[in-house]
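Dear colleague,

Please find below the structure that I am handing over to you, followed by an account of what was found in it.

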Amino acid sequence: MPDPQSPERPATGDAPPRRPDGPLAAYRDVLAVPGATRLAVASLVAKWPISMFPVSVLLLVPPRYSYGQAGAVVAAVLLANAISSPIRGRQAARHGAHRVLRICLAGYLTGIAGIGALAAFTAPLPFVLAAALLMGSFFPPAGILLRSHWTAMDRERGRASANALESALMDLSLITGPVLAGWLSTSFAPVLPLALNGVLMALAVVLLAKLPDRAAPPPAPAHGRPRKVLNALLYRLFGAQFLFCAALAATEVSLPVYAQQQHVASASGWFLAGLSVGSIIGTLALGRLRSARATRLPTLLVLLAAGTAGIGAAMLLGPFAVALVCIPAGLAIGSVFASYFTVLGSVTPPGTDHEVQGWANSVNTVGFATGSFGGAALAEAFGASALLLSAPAAAVAASALAASASAARSSRTKETGS
């Protein structure tokens with residue numbers, strides 16, 4: 001019988017050791033887990049190519065091709081990535097994450113080198129699109145594996161804080177990545193940002209390969225039938241995330257269009273940076289309010305709806321008003337991502353983590369593509385202030401779906417416990 005006074009079981013009357021408090025205490029706890037610092041570095045390095053790639057292509061392809069053709073190259077990468085993401089996640093679970101990372105990196109580097117070489121020689125557009133499809137199809141599943149690693153560490157320190165840190169790193173890459181790509185392209189050579197994309201992704205794969213593969217093996221099929229991975233609860237969560245990404249993309253597209261319509265195109269970057277800064281502030285706050293009602297996904301989506309509506313209303317007043325509103329409007333963005341992946345990790349069936357994360361990546365990509373197209377079309381047809389009608393409505397619909405998923409999750413928990 002263990003001694004009740006032993007270090008493993010403190011006496012009942014002893015107070016637990018007090019953890020240092022402060023705005024970043026939760027993140028210090030997460031980074032204190034062995035391997036977490038390497039994971040955070042790998043996360044940031046893997047996100048830079050994602051944030052840099054669209055700008056890299058748009059600065060490289062013209063004047064050899066039109067801006068519309070450059071957009072088609074970016075769209076081809078996103079489409080191929082979205083379609084193949086669940087497959088790559090499934091293969092990582094079945095054959096090992098490290099092996100899939102190496103294979104995908106080879107295809108990714110071949111594709112990105114093809115885009116650069118073909119564009120430099122002004123090859124026919126279908127060849128450039130083929131290279132883009134290759135790059136997207138073999139996009140290393142770094143994001144999928146990063147989420148899985150954070151989830152495994154969450155059991156020790158706290159899921160919400162880990163996902164909040166991941167979202168803050170994404171916002172940091174969105175602020176610095178496009179600026180870095182633009183500086184390299186205009187100061188040195190247009191192909192340099194594209195080359196850096198490949199170097200950074202290779203570095204991210206090397207860092208991830210040094211971490212243990214934490215994925216659980218897929219469960220054996222029951223009665224010879226393939227096990228169903230997705231269920232009604234996941235469909236509702238994916239629906240909410242699709243609408244959220246569409247609302248966010250519509251907002252991000254409408255802001256540069258508005259700046260151009262108001263003849264202050266140089267303010268576009270400031271508007272988007274304001275959203276990202278607000279997102280980082282809100283994400284850090286989420287780590288401090290993990291148990292608060294305000295951090296629940298449906299509530300956060302309502303806050304996002306209010307923020308996008310505020311931007312739309314500010315557009316009626318002028319660019320300065322928009323600049324003032326962007327930071328508070330962005331407060332819920334990173335928190336929505338963190339809360340969503342926290343909930344997703346808790347309802348994912350055992351042994352399907354990589355594949356479910358792959359589906360989540362596809363939903364995000366399709367949502368952003370839909371919102372970008374819809375936001376640009378509305379802004380061109382009715383003015384950028386049309387955001388006042390589209391993005392808030394999508395965010396409110398996402399909140400309703402998230403609330404439905406939360407209710408279904410609570411009901412399932414009660415049934416399981418009864």
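K47 counts as buried, with a relative accessibility of 6%, and E166 is likewise buried at 2%; buried means under 20% relative accessible area, exposed over 50%, and partly exposed in between, with a 1.4 Å probe and protein chains only. The side chains of K47 and E166 meet in a salt bridge, with 2.5 Å from N to O. The criterion is a side-chain nitrogen of Lys or Arg within 4 Å of a carboxyl oxygen of Asp or Glu, and by this rule the count comes to one salt bridge. K47 lies in helix 2 and E166 in helix 7 (residues 159-187), so the pair ties together parts that are 119 residues apart in sequence. Helices (H or I, at least four residues) and strands (E, at least two) are DSSP runs, numbered from the N terminus.

Please note that this is a predicted model, in which local features need pLDDT of at least 70 and side-chain atom pairs count only at pLDDT 80 or more, while totals for chains, interfaces and linings use all residues. Residues are numbered from 1 along each chain as its sequence is written, and side-chain values use heavy atoms, with hydrogens and water left out.

As to the chain overall, its secondary structure comes to 15 helices and zero strands. Of its 418 residues, 49% are buried. Among contacts (heavy atoms within 4.5 Å) with a separation of 6 or more, 83% are between residues 24 or more positions apart.

The largest nonpolar core has 56 residues, and those with the most contacts inside it are F53, V57, I115, M135, W150 and L208. Such a core is a set of buried Ala, Val, Leu, Ile, Met, Phe, Trp, Tyr and Cys residues joined through side-chain atoms within 4.5 Å. Helix 2 supplies the largest share of this core, eleven residues. A second, separate core of 48 residues includes Y258, V322, F341 and A405.

Helix 5 has 13 residues and spans 18 Å from its first C-alpha to its last, close to the 18 Å expected at 1.5 Å a residue; the expected span is 1.5 Å times one less than the number of residues. Its buried residues are L125, V128, A131, A132, M135 and G136. They cover an arc of only 135° around the axis, which puts them on the same side of helix 5; the arc is that of the directions from the helix axis to the C-beta atoms. These buried residues pack against helix 2 (36-60), helix 3 (67-95) and helix 4. The exposed residues P126 and F127 are on the face of helix 5 turned away from its buried side.

Finally, the structure holds five aromatic pairs. Rings of Phe, Tyr and Trp (its six-membered ring) pair if their centres lie within 6.5 Å; planes under 30 degrees apart count as stacked, over 60 as edge-to-face and the rest as tilted. One of the pairs joins Y108 and F139, whose ring centres are 5.1 Å apart with planes at 80°, so the pair is edge-to-face. Y108 lies in helix 4 (residues 97-120) and F139 in the loop between helix 5 (125-137) and helix 6 (142-157), so this pair ties together parts that are 31 residues apart in sequence. Both Y108 and F139 are buried. W183 and F188 also form an edge-to-face pair, at 5.3 Å centre to centre and 85° between the planes. Here W183 is partly exposed, at 47% relative accessibility, and F188 is exposed, at 55%.

With kind regards
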